[in-house]
Amino acid sequence: MEEAIPFLDAWCNDAASSNISQLKKVANTLMQYSHGLLNYYIHPISCGPIEGINNKIKTLKRQAYGFKIWSFQTQALPPTFSSVLINRMIQSTAG
């Protein structure tokens, strides 16, 4: 974290002082979100696994378009899914 703050500041200052408008825009955006970006060094949490699960559900829903039987979808989901999540998915697409 001690190295990340000066690095980000230096990079943004260099980009902001350049003649490239796209770099200036990126530097401005990075500075606006610097607090959240730097918090990753304290708490390295990723949403990747959850996004993968969401993608799996969306793919199953897309593949099942037009089917009225949902039982086959529960077999394709990982066993860690609770029945509450599956029921919510069914209800949201049925109505």
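Author: Gladly! Let's start with confidence: pLDDT is the predictor's confidence in each residue, from 0 to 100. You are looking at a predicted model, and the mean pLDDT of the protein is 78, with 68% of its residues reaching 70 or more.

Reader: Which element has the lowest mean pLDDT, and which the highest?

Author: Helix α5, residues 71-76, has the lowest mean, at 58. The highest belongs to α2, at 92.

Reader: Which residues meet where α1 packs on α2?

Author: From α1 come Leu8, Asp9, Trp11, Cys12, Ala15 and Ala16. On the α2 side they meet Leu23, Lys24, Val26, Ala27, Leu30 and Met31. Sorted by class, this contact has 10 nonpolar, no polar and 2 charged residues.

Reader: And what is the angle between α1 and helix α3?

Author: With α3, residues 34-42, the angle is about 145 degrees, and the axes are 11 Å apart. Here α1 passes α3 in a right-handed crossing. The α1 residues Ala4, Ile5 and Leu8 meet Ser34, Leu38 and Tyr41 of α3. By class, this contact holds 5 nonpolar residues, 1 polar residue and no charged ones.

Reader: How should I think about a nonpolar core?

Author: In soluble globular proteins, nonpolar side chains tend to be buried together. In this model, the largest nonpolar core has 6 residues: Ala4, Leu8, Cys12, Ala15, Ala27 and Leu38. Helix α1, residues 4-16, gives the most to this core, with 4 residues.

Reader: What does Ala27 touch, leaving out residues up to four places away in sequence?

Author: With those neighbours left out, Ala27 touches Trp11, Cys12, Ala15 and Ala16.

Reader: Is Ala4 buried or exposed, and why?

Author: The cut-off for buried is under 20% relative accessible area. Ala4 has 12%, so it counts as buried. Ala4 and Leu38 are 34 residues apart along the chain, while their C-alpha atoms are separated by 7.2 Å.

Reader: How does Asp9 count in terms of accessibility?

Author: Asp9 also sits in helix α1. Asp9 has 31% relative accessibility, so it counts as partly exposed.

Reader: Stepping back to the whole protein, what share of its residues counts as buried?

Author: Of its 95 residues, 18% count as buried. There is also a way to look at contacts over the whole chain: among those with a separation of 6 or more, 32% come from residues 24 or more positions apart.

Key: Residues are numbered from 1 along each chain as its sequence is written. This is a predicted model: local features need pLDDT of at least 70, side-chain atom pairs count only at pLDDT 80 or more; totals for chains, interfaces and linings use all residues. Side-chain values use heavy atoms; hydrogens and water are left out. A nonpolar core is a set of buried Ala, Val, Leu, Ile, Met, Phe, Trp, Tyr and Cys residues joined through side-chain atoms within 4.5 Å. Buried means under 20% relative accessible area, exposed over 50%, partly exposed in between (1.4 Å probe, protein chains only). Helices (H or I, at least four residues) and strands (E, at least two) are DSSP runs, numbered from the N terminus. Contact means heavy atoms within 4.5 Å. Ala, Val, Leu, Ile, Met, Phe, Trp, Tyr, Cys and Pro count as nonpolar, Asp, Glu, Lys and Arg as charged, and the others, Gly among them, as polar. Axes are lines fitted to C-alpha atoms, for helices over the stretch in contact, and angles run from 0 to 180 degrees between N-to-C directions. A crossing is left-handed if the near helix is turned anticlockwise from the far one by less than a right angle, and right-handed if clockwise.
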